[in-house]
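Hello,

Here is the structure I promised to pass on to you. Have a look at it first, and then read on for what turned up.

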Amino acid sequence: MDFSALALSPPLLQVLAELKFQTVTPIQAQSIPVLLQGRDLVGQAKTGSGKTAAFALPLLQKIQLSHRRLQALVLCPTRELCAQVAGEIRRLGRRLPGLQVLVLAGGQPVRPQIEALERGAHLAVGTPGRVLDLLQREVLDTRHLSTVVLDEADRMLDMGFREDMERILGATPKTRQTVLFSATFPDSIEAMSRAFQKEPTRVTVESAD
Ligand code: ADP
Ligand code: MG
């Protein structure tokens, strides 16, 4: 399947062609239509299967660029993963004029992040600890968030971020779309899905090996 079979906007299709993303990976083929419909999703696929674009393309498609306020939040377990995911989102979004993507990761000075949030952004990628800190300082406005993504949710739980994630989700609009990606499905992930998602579509791509 190629990307033109998905209902993606012309600027996104143009970038995908420029980046030579010719075929849709299985997790992308199954996730993108569900996410474009605004539905909740639990996705499982091995590393390197293209999960970032699977959630990033629908996020980018839905961003209202004319409103420079936070519309999507992606939580990742580490600063390095935040930088990687934000880099991929910026690359895929490079034909969206004025798109602002922030990294809100711990282990870095908080002041520049506060200032960037005050200037306004469309999308943020952060670690649970730092995002919660910014929420508590009342600089992160969750009122316009329409989608929250938990990327590598099992790793975030392993790292002890459960409570932070729960508090962040509890502070976001009930009407949000909640997307959860995880490499494994222990009971703790099932429990988070039950607590924070509405009738999620379950997508599992078995590894080829
Ligand atoms: P995961 O999160 O599943 O581990 P990533 O989203 O990091 O995987 O993707 C792994 C690599 O594959 C990245 O370099 C990404 O740019 C590339 N990639 C993703 N989707 C496609 C695609 N459809 N065609 C070509 N390359 C892709
Ligand atoms: Mg990933």
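Which residue just after H1 takes a positive phi? That is lysine 20, with a phi of about 65 degrees.

Before the rest, some housekeeping. This is a predicted model, in which local features need pLDDT of at least 70 and side-chain atom pairs count only at pLDDT 80 or more, while totals for chains, interfaces and linings use all residues. Residues are numbered from 1 along each chain as its sequence is written, and chains are lettered from A and ligands numbered from 1 in the order in which they are written.

The protein chain has nine helices and seven strands (DSSP runs numbered from the N terminus: H or I of at least four residues for helices, E of at least two for strands). Of the 209 residues, 42% count as buried (20 or more other C-beta atoms within 10 Å of the residue's own; exposed means 12 or fewer, partly exposed in between, with C-beta atoms placed from the backbone).

Back to helix H1, residues 10-18. Leu12, Val15 and Leu16 are buried there. They cover an arc of only 100 degrees around the axis, which puts them on the same side of H1 (the arc is that of the directions from the helix axis to the C-beta atoms). On the other side, Pro10 and Glu18 are exposed. The buried residues of H1 pack against H3 and helix H4 (79-92).

H3 also matters for the core: the largest nonpolar core has 60 residues, and H3 gives the largest share, seven residues. Such a core is a set of buried Ala, Val, Leu, Ile, Met, Phe, Trp, Tyr and Cys residues joined through C-beta atoms within 7 Å. Leu75 and Val125 touch the most other members. Beyond its neighbours within four places in sequence, leucine 75 is in contact with residues including Gly126, Val149 and Ile168 (C-beta atoms, placed from the backbone, within 7 Å).

Finally, the ligand. Around ligand 1 there are 14 residues, the closest being Phe21, Thr47, Gly50, Lys51 and Thr52 (C-beta atom, placed from the backbone, within 6 Å). Helix H3 (residues 51-62) gives the most to this shell, with three residues.

Best wishes

Conventions
Two residues are in contact if their C-beta atoms, placed from the backbone, lie within 7 Å.
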